[in-house]
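Thanks for making the time this morning.

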Amino acid sequence: MPFFGKIAISYVPGDRILGLGKFPRLVQAYSKRFQIQEYLVKDIAEEIMSSGGARAARVVSNGRHMCMCMCSRGPSDQTAITDTSYVTGEKELFTRFGLDI
């Protein structure tokens, strides 16, 4: 079943600064695949680290899963939101720049 939501990206650049237009394309590329929320945030963060040369990356996802909203058996809650986050790289940089983890 699909899920819908929002993704927030924070990163500390390394040698290169990524343009803001790269992030929506990156999220769209990974979200169009068959995906689970936990792997989605991990894949996006790892791609920012490897291709973007970032020193640290954090990706947070807030999603509404249709399996929770539409199920006829098991738990069904129209308001349930699942938060998932993934942090990689030099995590102390987030604290230094005021982006507490």
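Let me begin with the term contact, which here means heavy atoms within 4.5 Å. This is a predicted model, in which local features need pLDDT of at least 70 and side-chain atom pairs count only at pLDDT 80 or more, while totals for chains, interfaces and linings use all residues. Residues are numbered from 1 along each chain as its sequence is written, and side-chain values use heavy atoms, with hydrogens and water left out.

With that in place, consider Thr 84, which touches Gln 37, Glu 38, Val 41, Val 59, Val 60 and Ser 61, if we leave aside residues up to four places away in sequence. Thr 84 sits in strand β3, residues 82-89, where helices (H or I, at least four residues) and strands (E, at least two) are DSSP runs numbered from the N terminus. Is Thr 84 buried or exposed? With a relative accessible area of 10%, Thr 84 is buried, given that buried means under 20% relative accessible area, exposed over 50%, and partly exposed in between, using a 1.4 Å probe and protein chains only.

One of the residues that Thr 84 touches is Ser 61, which belongs to strand β2, residues 56-65, and which counts as buried at 3% relative accessibility. Again not counting residues up to four places away in sequence, Ser 61 touches Lys 6, Ile 7, Gln 37, Val 41, Thr 82, Asp 83 and Thr 84.

In strand β1, residues 3-12, we find Tyr 11, buried with a relative accessible area of 16%. Beyond the residues up to four places away in sequence, the contacts of Tyr 11 include Phe 23, Ile 48 and Phe 94.

Now to the helices. Helix α1, residues 22-31, packs against helix α2, residues 37-52, at an angle of about 135°, with the axes 10 Å apart; axes are lines fitted to C-alpha atoms, for helices over the stretch in contact, and angles run from 0 to 180 degrees between N-to-C directions. That angle makes α1 oblique to α2, since angles under 35 degrees count as roughly parallel, over 145 as roughly antiparallel, 65 to 115 as roughly perpendicular and the rest as oblique. On the α1 side, the contact is made by Phe 23, Leu 26, Val 27, Tyr 30 and Ser 31, and on the α2 side by Leu 40, Asp 43, Ile 44, Glu 47 and Ile 48.

Which residues of α1 are buried? They are Phe 23, Leu 26, Val 27 and Tyr 30. Seen down the axis of α1, these buried residues fall within an arc of 95°, so they line one face of the helix, the arc being that of the directions from the helix axis to the C-beta atoms. An α-helix has 3.6 residues a turn, so residues three or four places apart point the same way.

Helix α2 also holds Gly 52, which is buried at a relative accessible area of 3% and touches Arg 16, Leu 18 and Glu 47, again not counting residues up to four places away in sequence.

Finally, the whole chain: four helices and three strands, running β-α-α-β-α-β-α from the N terminus on. Buried residues make up 33% of the 101 residues, and of the contacts with a separation of 6 or more, 66% are between residues 24 or more positions apart.
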